[in-house]
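Try each task before reading its solution.

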Amino acid sequence: NLPPAMARVIAHIDAHLAGALQVERLALVAEMSRGHFVRQFTRATGSAPSDFVLARRLDRIERLLLATDMNVGAIAAAAGFADANYLAKAFRRQRGMAPLQFRASRRLAAGT
């Protein structure tokens, strides 16, 4: 069970994934100093704020890859990445394959 301030921050993150989510802004949402916020958020979620945001963005990317035919550039914009190349690099680092490989392999596995 998350403290109310952290639940508020997570709701803010989820609502604003396509935009900039600097730690300073998240600390303001939590009504805490930056340092205190980072410590409290990490304690409450088990992840540093930047790691948590990246994980949420990657989850959104996976959903968009599987549920839509959006191109990687459009998905990058919808998930808060500056461009398709940066998204592809981050996705490959975290998931071990390129976004379009992920889409193709999951759709093949699902029989679609």
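Helix H4 gives the most to the lining of the largest pocket, with five residues. Keep in mind that this is a predicted model.

**Exercise 1. Describe the lining of the largest pocket: which helices supply at least two residues each, and how do the residues divide by type?**

Solution. 
- Begin with the size: the pocket has a volume of about 270 Å³.
- Next, look at the residues around the largest pocket. There are 16 in the lining, and Leu21, Ser50, Val53, Leu54 and Arg57 lie nearest the centre.
- Now turn to the helices. At least two lining residues each come from H2 (23–30), H4 (49–67) and H6 (84–95).
- Finally, sort the lining by type: ten residues are nonpolar, four are polar and two are charged.

**Exercise 2. Find Glu31 and decide whether it is buried or exposed.**

Solution. 
- Locate Glu31 in the loop between H2 and helix H3 (34–45).
- Check its backbone: phi is positive, at about 60 degrees, although Glu31 is not a glycine. Most residues other than glycine have a negative phi.
- Then take the accessibility. Exposed means over 50% relative accessible area. Glu31 has 70% relative accessibility, so it counts as exposed.

**Exercise 3. How is H1 oriented relative to H4?**

Solution. 
- Take the axes of H1 (residues 4–15) and H4: they come within 10 Å and cross at roughly 40 degrees.
- Therefore H1 is oblique to H4.

Terms used. Residues are numbered from 1 along each chain as its sequence is written. This is a predicted model: local features need pLDDT of at least 70, side-chain atom pairs count only at pLDDT 80 or more; totals for chains, interfaces and linings use all residues. Side-chain values use heavy atoms; hydrogens and water are left out. On a 1 Å grid over the protein atoms alone, a cavity is a set of points where a 1.4 Å probe fits but cannot get out, and a pocket is an open set with protein on both sides within 12 Å along at least five of seven lines; lining residues have an atom within 4 Å of a point. Grid points are joined across faces, edges and corners, and a volume is the space filled by probe spheres set on the points. Helices (H or I, at least four residues) and strands (E, at least two) are DSSP runs, numbered from the N terminus. Ala, Val, Leu, Ile, Met, Phe, Trp, Tyr, Cys and Pro count as nonpolar, Asp, Glu, Lys and Arg as charged, and the others, Gly among them, as polar. Buried means under 20% relative accessible area, exposed over 50%, partly exposed in between (1.4 Å probe, protein chains only). Axes are lines fitted to C-alpha atoms, for helices over the stretch in contact, and angles run from 0 to 180 degrees between N-to-C directions. Angles under 35 degrees count as roughly parallel, over 145 as roughly antiparallel, 65 to 115 as roughly perpendicular and the rest as oblique.
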